[in-house]
Amino acid sequence: MSPTIGLPPPGTERCLDTSRKSRYRGGTLVAEEVRDVKEHLRRLAAPDEYRPCSCARCGHRRLHVHSRPERHPLGEPSLPPAVMILQFRCANEACGATWRILPLFLARHLWHAWRAIERSVSSAPSAAAPSIAARTRDRWRARLASSARVAVAVLATSLGIMLEAIAKRVGLLGTRGELVEAYVAMTAASPGEQLSSLSALVHRLERGIRLM
Ligand SMILES: [Zn+2]
């Protein structure tokens, strides 16, 4: 189940809504409903499935496929070594914003796939999974031990009752790790999608805010 309690749904099958207009010349939009590589490949083959309904910067309703960059997610055996993604460009010449569309399972700023990160930072990492360098894992854990203030403030001012409750539970002095715990406790986020879905949610509410 997608963690959208109290919020508008994250877009229909064919439409990627964003909650705010961007101050930037584009960026990344997360297709929160694309949870596995099979669905991702299906949409790559039919780019309309990934094409935003309108430009999240200017609202123009035509966007063209601009490029097909590759991502190389590390540490997750269920993913191929290279995953193509789509980048769209707004057809409004005065705007020209470009939007990369990421499926839920690819992390925005990290080299590893979300599943690999979640497995690695959990207290009971799977022995069957590829090992992650201790230095890398420690960096992620340090990130989770850092303040969640900004993300909590974003959740607290969202219009979702459940999200406000999560924010209240964590408080402005809470850590990102505590935010993850509260989120998991209060939503139906599945193992393997706990970090990815929370990260996507926060990014949707205030583009650019990072969980990790
Ligand atoms: Zn535009």
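In α2, the residues W114, R115, A116, I117, E118, R119 and S120 are buried (20 or more other C-beta atoms within 10 Å of the residue's own, C-beta atoms being placed from the backbone). Seven of the eight residues of α2 are thus covered. The model is predicted: local features need pLDDT of at least 70, side-chain atom pairs count only at pLDDT 80 or more, and totals for chains, interfaces and linings use all residues. Residues are numbered from 1 along each chain as its sequence is written. Helices are DSSP runs of H or I with at least four residues, strands are runs of E with at least two, and both are numbered from the N terminus.

The buried residues of α2 pack against α3 (134-144) and α7. The axes of α2 (residues 114-121) and α7 (residues 194-205) come within 8 Å and cross at roughly 115 degrees. Axes are lines fitted to C-alpha atoms, for helices over the stretch in contact, and angles run from 0 to 180 degrees between N-to-C directions. W114, I117 and E118 of α2 meet Q194, L195 and S196 of α7; contact requires C-beta atoms, placed from the backbone, within 7 Å.

Four strands form an open, mixed sheet in the order β1-β6-β5-β2. Strands pair if DSSP finds at least two bridges between them. β1 (26-31) and β2 (63-67) are the edge strands, each with a single partner, so one side of each lacks a neighbour in the sheet. The twist averages 35 degrees from one strand to the next. β2 and β5 (residues 86-90) run antiparallel and are joined by four bridges. In this pairing, L63 stands opposite C90 of β5.

Notes:
Contact = placed C-beta atoms within 7 Å. Buried ≥ 20, exposed ≤ 12 C-beta atoms within 10 Å, placed from the backbone.
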